[in-house]
Amino acid sequence: MIVLENVSKSYSTGAPALNGVSLHINEGEFVFIVGNSGSGKSTLIKLLLKELEPTEGQILVNNKLLNKMKRKQIPKYRRQIGVVFQDFRLLKDRNVYENIAFAQRVIEKPSKTIRRQVPMMLSMVGLAEKYKSFPRELSGGEQQRVALARALVNNPSILLADEPTGNLDPKNSWEIMKLLEEVNEKGTTVLVVTHNREIVNAMKKRVITMNRGVIVSDEEEGGYLYED
Amino acid sequence: MRISTITYTLRQGLKNIRRNKMFSLASIATMAACIFIFGLFFSVILNFHGIVKSAEAGVGVTVFFDEGLSEEQIKEIGSTIEKRAEVSRLVYVSAEEAWQNFKEEYFKDAGDLAEGFAEDNPLANSANYEVYLNDVSMQQSLVTYLQSIEGIRQVNKSEVAANTLSGFNMLIGYISAAIIAILLAVSVFLISNTVTIGIAVRKEEIKIMKLIGATDFFVKAPFIVEGVLIGLVGSALPLVALYYLYNNVIGFIVDRFDMLTGFVTFIPVNQIFAILIPLSLALGVGIGFIGSFSTIRKHLKV
């Protein structure tokens, strides 16, 4: 569960990136967050990852108040959240298997668990054959699937996807979206920040539209409001 | 902590070193040079210290007594002097012995010339204590103390010898401390640079690790391992070199300058290395740790 209460975030220069945003996302929901660049979507993701602190307001994730969280607790908190980026952010000097195993090494999972779970994730995203390939040998869609496998391997309760299809062609975009939907059906809360009008309109999910740091609409089975 | 985490951290540390080979090699080389020079100075100082100590042991104070002091009183004075901490040993020279020594030194072959004094010891009042010190620099305070004792007529000392020896000892100590301090600073600086570059190269990876939920320790440990390994290798290499060098140089000196061996004894290599090995390794590891730890604190805001 994600709850934002009157959250604002200002940087030292310019208008606030978020301005009094209140929001409630239930466990197991699938939510699109749309809006022009500069609308505050990325700031929202960063606040949820506790990369940034809000200037005002409170953020509650899985019943934990982020504002009061101590530095030492941040790693444990982040382990409940999977994250996928537009630019994939894979480790270029490691192969597919190692990239996914990395996420488990980092949180000190036993080697036995790693050897069991990584192949499982790979077959889930359809890359079982390519476990030895390096990121540069993969297409954009394949790289994003590796990133998704890495985000999911630790079984997070929330998945944040920041423009996951931004660098992909329509076919690959749809494949990623279908994977996200599958993940959601298994119970993970999924938050997708996107510009992809076609997908948003077709998937009939909850759509939160942001503009200049405020939520301008929040609809169940919503559509893409803005012109790009 | 899991064993797999430990091996992972060690592997990553090694990988860091391999990834920026040139800087790692430069750091190891500087560290090796530092430890080499440190070891060199250490061996020289230790040997020199040994020589000075044995020279110091020969520097003493001579104490003469008031006329007509009885044996008992002299013994009593001796036992009070012996109680002083700075006194290493006390030798009593009776008037007869003093005369005997004098005769041997001055009349040598013409022993019969001294016969004239046979029944009348010219050094009748020269019974004395030779007082030897643990630490030559304490000589002045001892002399002041001795002069205050009742029954002591005169105290002879060799101030020049004492001052020269303790001064020389200190000078060597200061110079070596200064050189070692400079070298250590250079080592810390180079290791810090190596780690800084390692952090810069892995910025993306560190960011990903943090987002996935790695603890601070997990992110930092490989860099510490990198610094410590550089320190360890950098201090182990020169120790091997020093070991062979020391034996050869001592052998060479003893061979070529055999007249030295009479009054100079070198400390055996094993005795020196019993201290030098743990000291150098600790120094190397310590510098590696400090260099990498301080850099991480500065450049790695996790």
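How many bridges join β1(A) to strand β4 (residues 56-61) of chain A, and in which sense do they run? Five bridges join the two strands, which run antiparallel.

The model shown in all views is predicted: local features require pLDDT of at least 70 and side-chain atom pairs pLDDT 80 or more, whereas totals for chains, interfaces and linings use all residues. Residues are numbered from 1 along each chain as its sequence is written, and chains are lettered from A and ligands numbered from 1 in the order in which they are written.

**View 1. Pairing of strand β1 in chain A.** Strand β1 (residues 2-9) of chain A pairs with strand β2 (residues 18-25) of chain A in the antiparallel sense, over five bridges. Two strands count as paired if DSSP finds at least two bridges between them. Strands (E, at least two residues) and helices (H or I, at least four) are DSSP runs, numbered from the N terminus. Val7(A) stands opposite Val21(A) in β2(A). Towards β4(A), Leu4(A) has Ile59(A) as its bridge partner. In a regular strand, side chains alternate between the two faces of the sheet.

**View 2. The six-stranded open sheet of chain A.** The strand order is β6-β7-β8-β3-β9-β10 (chain A), and the pairing is mixed. β6 (81-85) and β10 (214-219) of chain A are the edge strands, each pairing on one side only. On average, neighbouring strands of this sheet are turned by 15° against each other, direction ignored. Strand β9 (residues 206-211) of chain A pairs with β10(A) over five bridges in the antiparallel sense; Met210(A) has Ile215(A) in β10(A) as its bridge partner. Helix α1 (residues 41-48) of chain A packs on the sheet and touches β3 (30-34), β7 (158-162), β8 (189-193) and β9 of chain A. The direction of α1(A) makes about 145° with that of β7(A). Axes are lines fitted to C-alpha atoms, for helices over the stretch in contact, and angles run from 0 to 180 degrees between N-to-C directions. Residues are in contact if their C-beta atoms, placed from the backbone, lie within 7 Å.

**View 3. Helices α5 and α6 of chain A.** The axes of helix α5 (residues 140-152) and helix α6 (residues 170-185) of chain A come within 9 Å and cross at roughly 15°. α5(A) is therefore roughly parallel to α6(A), a class that covers angles under 35 degrees. The crossing of α5(A) and α6(A) is right-handed, the near helix being turned clockwise from the far one by less than a right angle. From α5(A), the contact includes Gly140(A), Gln144(A), Leu148(A) and Leu152(A); from α6(A), the residues include Asn172(A), Ile176(A), Leu179(A) and Val183(A). The residues of this contact divide into five nonpolar, four polar and two charged. Ala, Val, Leu, Ile, Met, Phe, Trp, Tyr, Cys and Pro count as nonpolar, Asp, Glu, Lys and Arg as charged, and the others, Gly among them, as polar.

**View 4. The four-stranded open sheet of chain B.** The sheet has the order β2-β3-β1-β4 (chain B) with antiparallel pairing. Because β2 (87-93) and β4 (152-156) of chain B stand at the edges with a single partner strand each, one side of each is left without a neighbour in the sheet. Neighbouring strands are turned by 20° against each other on average, direction ignored. β2(B) and strand β3 (residues 128-133) of chain B run antiparallel and are joined by six bridges. Arg89(B) stands opposite Tyr132(B) in β3(B). Helix α3 (residues 71-82) of chain B packs on the sheet, touching β1 (60-65), β2, β3 and β4 of chain B, and its direction makes about 165° with that of β2(B).

**View 5. Helices α1 and α8 of chain B.** The axes of α1(B) and helix α8 (residues 216-256) of chain B come within 8 Å and cross at roughly 65°, and the crossing is right-handed. Among the residues that meet are Leu10(B), Gly13(B) and Ile17(B) in α1(B) and Phe223(B), Val225(B) and Leu229(B) in α8(B). The contact of α1(B) with α8(B) comprises eight nonpolar, four polar and one charged residue.

**View 6. The contact of chain B with chain A.** The contact takes 14 residues from chain B and 15 residues from chain A. On the side of chain B, α1 (3-19) and α7 (203-212) are the elements that give two or more residues. α7(B) gives the most, with six residues.

Notes:
Two residues are in contact if their C-beta atoms, placed from the backbone, lie within 7 Å. Angles under 35 degrees count as roughly parallel, over 145 as roughly antiparallel, 65 to 115 as roughly perpendicular and the rest as oblique.
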